[in-house]
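Here are my notes, as numbered points. Please read them with the sequence and the structure open.

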Amino acid sequence: MLDAIVRSTSMRSRPWGPGLAPGRQRRPAPCSGPDRGSGREQNRGWAGFWGTLLGVVLGSGLGPACTLVLDDNIACGDGFVDTEADEQCDPGDPSSYVNACVGTNRPDGIAACDPISCTIINDLEQCAVCGDGRVDESLGEECDGDELNGRTCPGGVGILQCDTSCRFDESECKNCGNGKLDPEEECDPNLEDLTTGKPSCADLPSPMGPSQPYTSGTPGTCRDDCRWDRNGCGYCGNGKLDREVVLDLEGTLNIPEWCDGNEFHVDTLNDQLSSSVCTQTDPNLRPVVECADNCRDFIPLDINCCVKTGSLCPDENSQLHCCFELDNPDSPLSPCDVVFDTSNNFIDACR
């Protein structure tokens, strides 16, 4: 029986109990009881012997009970959150800290646990993540998702984007608008002085190609694609009657010319001069005119009338001349040409 009591006492003297990890130290607590060091006289004999033995047995059983108070030292990493030791979390127990960003102003992040102090880390630096839609410049973010922090492409042309590392992506931006004249640009709308060095239309490439360059006009404003507006350009002065030709890359057509040099649009010319004295006198006549510099006006000359195109050529003794002859004094062609009239008869008609 004595052996059983001793074994039971030895088992109860473990330095840890349920819920206490191995390695945590107990701090001894003073035990209350009679002062063994008193000079009190002890009983001798068989009664004293059995009394002493019983005291030893009971003392060995009660002694460990005086060491159950824990020394509250932090032991991070054991997977146990010891709140009595002021631990907030434990690195070995992710559930004790990973959701701690919830409730902060960066709730989408993942918190951490300090491996030394077992305290939760859920500050801005820990909880802010690229992709939460909030631009954290202090952490090096320029943008976040669709949040561009008020920025646009340099020059404002193109689409500024944000990449997966929260840095600006300018791949869809254009140089046009950056205030500099870059290669392949004719102009830049944000240059300080757009009038300096502004070219004439003749200096700009034409959409018709080298075979038909611009011959007149002044370009308009600098467009958002860093090209001069060509609506003011034209082909007047090239000696050809350009009725409808393309002015720019968008396919804009010019205003049809009425004349150019010695070339005249006959129907327009006859209509414009139908009230002239010459025509009122003889419908086959019109005044001699020249083409204005804008290729859209006819300027009458102070000389006699001439015979219109398609009308019978005047005879050799007449003071009249074919208008073609007066309009084209240097032409090697004869002013008269053989054509069919309305009755399919051959006649000599003015060119």
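How accessible is Glu-142: buried, partly exposed or exposed? Glu-142 is partly exposed, with a relative accessible area of 25%. The model is predicted, and the points below should be read that way.

1. Overall make-up. The protein chain holds 6 helices and 12 strands. Of its 351 residues, 27% count as buried. The chain exposes about 22,600 Å². Carbon and sulfur atoms supply 52% of that area. Take the contacts between residues at least 6 apart in sequence: 35% of them join residues at least 24 apart.

2. The Glu-142 salt bridge. The structure holds 9 salt bridges. In one of them, the side chain of Glu-142 meets that of Arg-167, at 3.1 Å from N to O. Glu-142 lies in the loop between H3 and E3, and Arg-167 in the loop between E3 and E4, so the pair ties together parts that are 25 residues apart in sequence. Arg-167 is partly exposed, at 37% relative accessible area. Glu-142, at 25%, is partly exposed too.

3. Arg-227 forms a salt bridge with Glu-186, and the closest N and O atoms are 3.5 Å apart. Glu-186 sits in the loop between E4 and E5, whereas Arg-227 sits in the loop between E5 and E6, so this pair ties together parts that are 41 residues apart in sequence. Arg-227 is partly exposed, with 22% relative accessible area. Glu-186 also meets Arg-230 in a salt bridge, at 2.7 Å from N to O. Arg-230 lies in the loop between E5 and E6, so its pairing with Glu-186 in the loop between E4 and E5 ties together parts that are 44 residues apart in sequence. Shared partners join Glu-186, Arg-227 and Arg-230 into one network. Is Arg-230 buried or exposed? Arg-230 counts as buried, at 3% relative accessibility.

4. The largest nonpolar core. This core has 10 residues in all. What does Val-245 touch, beyond its neighbours within four places in sequence? Val-245 is in contact with Met-208, Gln-212, Tyr-235, Thr-252, Leu-253 and Asn-254. A second, separate core has 8 residues, including Phe-264, Leu-269, Cys-291 and Phe-298.

5. Aromatic pairs. The structure holds 4 of them. Tyr-214 and Tyr-235 have ring centres 5.4 Å apart and planes at 25 degrees, so this pair is stacked. Tyr-214 lies in the loop between E4 and E5, and Tyr-235 in the loop between strand E6 (233-234) and strand E7 (259-260), so the pair ties together parts that are 21 residues apart in sequence. Tyr-214 is buried, at 3% relative accessible area. Tyr-235 is buried as well, at 1%.

6. The Phe-264 and Phe-298 pair. These two rings form a tilted pair, 6.0 Å centre to centre with 35 degrees between the planes. Phe-264 lies in strand E8 (residues 263-264) and Phe-298 in strand E10, so the pair ties together parts that are 34 residues apart in sequence. Both residues are buried. Ring pairs also bring in Trp-258, which forms a cluster with Phe-264 and Phe-298.

7. A surface patch. Leu-301, Ile-303 and Leu-326 form a nonpolar patch on the surface. Together they have about 230 Å² of accessible area. Leu-301 is in strand E10 (residues 298-307). Leu-301 is partly exposed, at 34% relative accessible area.

8. Backbone points to check. Which phi does Asn-149 have? Asn-149 has a positive phi of about 60 degrees, although it is not a glycine. Asn-149 is in the loop between helix H3 (124-127) and strand E3 (161-162). At 36% relative accessibility, Asn-149 is partly exposed. Glu-184, also not a glycine, has a positive phi of about 75 degrees. Glu-184 is in the loop between strand E4 (168-169) and strand E5 (216-217). At 81% relative accessibility, Glu-184 counts as exposed.

Technical notes:
Residues are numbered from 1 along each chain as its sequence is written. This is a predicted model: local features need pLDDT of at least 70, side-chain atom pairs count only at pLDDT 80 or more; totals for chains, interfaces and linings use all residues. Side-chain values use heavy atoms; hydrogens and water are left out. Patches are made of residues with over 30% relative accessible area and no salt bridge: like charges are joined within 9 Å, nonpolar side chains (Val, Leu, Ile, Met, Phe, Trp, Tyr) within 5 Å. Accessible areas come from the Shrake-Rupley method with a 1.4 Å probe; for residues, only the protein chains shown count as cover. A salt bridge is a side-chain nitrogen of Lys or Arg within 4 Å of a carboxyl oxygen of Asp or Glu. Helices (H or I, at least four residues) and strands (E, at least two) are DSSP runs, numbered from the N terminus. Buried means under 20% relative accessible area, exposed over 50%, partly exposed in between (1.4 Å probe, protein chains only). A nonpolar core is a set of buried Ala, Val, Leu, Ile, Met, Phe, Trp, Tyr and Cys residues joined through side-chain atoms within 4.5 Å. Contact means heavy atoms within 4.5 Å. Rings of Phe, Tyr and Trp (its six-membered ring) pair if their centres lie within 6.5 Å; planes under 30 degrees apart count as stacked, over 60 as edge-to-face and the rest as tilted.
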